Amino acid sequence: RFIAKPCAINLGIQDSGPHRAQPNAILEKVFTSITKSPDAKRLEGLSKQLDWDVRKIQRWFRHRRNQDKPTTLTKFCESMWRFTFYLSIFFYGIRFLWTAPWFWDTRQCWYNYPFQPLTSRLYYYYILELAFYWSLMFSQFTDIKRKDFLIMFVHHLATIGLITFSYMNNMVRVGTLVLCLHDASDFLLEAAKLANYAKYQRVCDAFFMLFGVVFIVTRLGIYPFWILNTTLFESWELIGPYPSWWLFNGLLVTLQVLHVIWSYLIIRTASKALVRGKV
C-alpha cells in the first residue's frame with residue numbers, strides 16, 4: 001500500500017479496472033446462478049427475452065467476466081511483495097549457508113544426527129520460511145486466482161509439511177539446502193511479472209528466460225542429484241533407515257514431481273514466446 005502502489009503509479013500503471021458491464025438484472029442472474037459463458041442456445045433465448053442482439057449479449061458477458069478480474073495495479077503490488085521476500089530470504093540463506101560445512105559436503109547433514117546444534121541464525125531462517133508459506137496457504141484463497149491454484153495448494157501443503165517435519169526431527173541442515181535452492185529462481189519470476197505489468201517487454205523476456213534456465217538447472221539438475229541423493233542414499237548409508245525416512249523422502253519426491261510439471265509449463269511458454277517473438 002505504501003511502497004508498491006506508489007512505485008506502480010510512477011511506472012504508469014493506473015488504478016483502474018476493466019470496462020464495467022451495464023446493469024441488467026436478467027443477465028446478472030444468469031451470470032451468477034447459471035453460467036458465465038452461455039452457449040448458443042441460451043444466447044438465442046436471452047436475445048428474444050431482452051430484444052438484444054446476440055453479439056451485444058456476448059459483449060456484456062465478456063465485460064462482466066473481466067469485471068471480476070483484479071487490476072494490473074493489484075497484481076503488481078502482490079508480485080512486488082513476493083519479489084521483496086524471495087530476494088531477501090535468498091540472500092539471507094546464501095550468506096548463512098556459505099559458512100556452513102554441509103553446504104559444501106552434504107554428508108555433513110547426517111554426521112552426529114540427531115545431536116546437531118540449532119543456532120539462532122538457522123532457527124530464524126527456518127521460522128521466517130515457515131511463516132511465509134503459512135501466510136501463502138491462507139492468503140491463496142483471497143489472493144488473485146491463477147490457473148495453477150491446485151498445484152500451488154499441493155506445493156504449499158508439501159512445503160509446510162517438510163519444514164515442520166524436518167524441524168521436529170532436527171533435519172534442519174538438509175532443510176536449509178532445500179529452502180535456499182527453491183528461493184533461487186522464485187524472485188526472478190516475480191521480477192519478470194513486475195516488468196510485464198509495467199510493460200517493459202524486453203526486461204520481462206530477459207527475466208523470464210533467466211528464470212526458466214535457473215529453475216530447470218536447480219529443480220531438475222541440482223535438486224535430484226544433490227538433495228535427493230543425500231536424503232535417499234547418503235542418509236541411508238550413514239544413519240540407516242530411520243522410522244520417518246519414508247515420509248520425509250515421500251514429501252521430497254512429491255516436490256520433484258511438481259518441479260517436472262512446472263518445468264514442462266515453462267518450456268512450453270518459452271517455446272511459444274520464441275515463435276511469437278515475446279513472452
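This is a predicted model: local features need pLDDT of at least 70, side-chain atom pairs count only at pLDDT 80 or more; totals for chains, interfaces and linings use all residues.
Start with helix α10 and helix α11. α10 covers residues 201-239, and α11 covers residues 245-276. Their axes come within 10 Å and cross at roughly 160°. That angle is over the cut-off, so α10 and α11 are roughly antiparallel to each other. The crossing in which α10 passes α11 is left-handed. What kinds of residue make up the contact of α10 with α11? They divide into 23 nonpolar, 8 polar and 1 charged.

A database record touches this part of the chain. An unreviewed UniProt entry carries the annotation "transmembrane region" for residues 83-103, 123-142, 207-226 and 246-267.

Next, step back to the whole chain. How is the protein divided into domains? The domain assignment gives domain 1 as residues 19-68 and domain 2 as residues 72-277. Taken over C-alpha atoms, the centres of domain 1 and domain 2 are separated by 43 Å.

Look now at helix α2, residues 25-33, and helix α3, residues 40-50. Two packed helices are described by the angle between their axes and the distance between the axes. For α2 and α3 the angle is about 160°, and the axes are 11 Å apart. The pair is therefore roughly antiparallel. α2 passes α3 in a right-handed crossing. Which residues make the contact? From α2 come I26, L27 and V30. From α3 come R42, L46, Q49 and L50. Sorted by class, this contact of α2 with α3 has 5 nonpolar, 1 polar and 1 charged residues.

Another pair is helix α7, residues 120-139, with helix α9, residues 172-197. Their axes come within 11 Å and cross at roughly 55°. That makes α7 oblique to α9. α7 passes α9 in a left-handed crossing. On the α7 side, the contact is made by L122, Y125, Y126, E129 and Y133. On the α9 side, it is made by V172, G175, T176, L179, C180, D183 and D186. By class, the contact of α7 with α9 has 7 nonpolar, 2 polar and 3 charged residues.

Finally, visit two loops. One lies between α6, residues 101-104, and α7, and P114 is in it. What kind of peptide bond joins Y113 and P114? It is a cis bond, with omega of about 5°. The other loop runs between α8, residues 149-168, and α9, and N170 has its place there. Phi of N170 is near 60°. That is a positive value in a residue other than glycine.

Notes. Residues are numbered from 1 along each chain as its sequence is written. Side-chain values use heavy atoms; hydrogens and water are left out. Axes are lines fitted to C-alpha atoms, for helices over the stretch in contact, and angles run from 0 to 180 degrees between N-to-C directions. Helices (H or I, at least four residues) and strands (E, at least two) are DSSP runs, numbered from the N terminus. Angles under 35 degrees count as roughly parallel, over 145 as roughly antiparallel, 65 to 115 as roughly perpendicular and the rest as oblique. A crossing is left-handed if the near helix is turned anticlockwise from the far one by less than a right angle, and right-handed if clockwise. Contact means heavy atoms within 4.5 Å. Ala, Val, Leu, Ile, Met, Phe, Trp, Tyr, Cys and Pro count as nonpolar, Asp, Glu, Lys and Arg as charged, and the others, Gly among them, as polar. UniProt positions are given in the numbering used here, feature names are shortened, and annotations may be inferred rather than shown by experiment. Domain bounds come from an automatic or database domain assignment.
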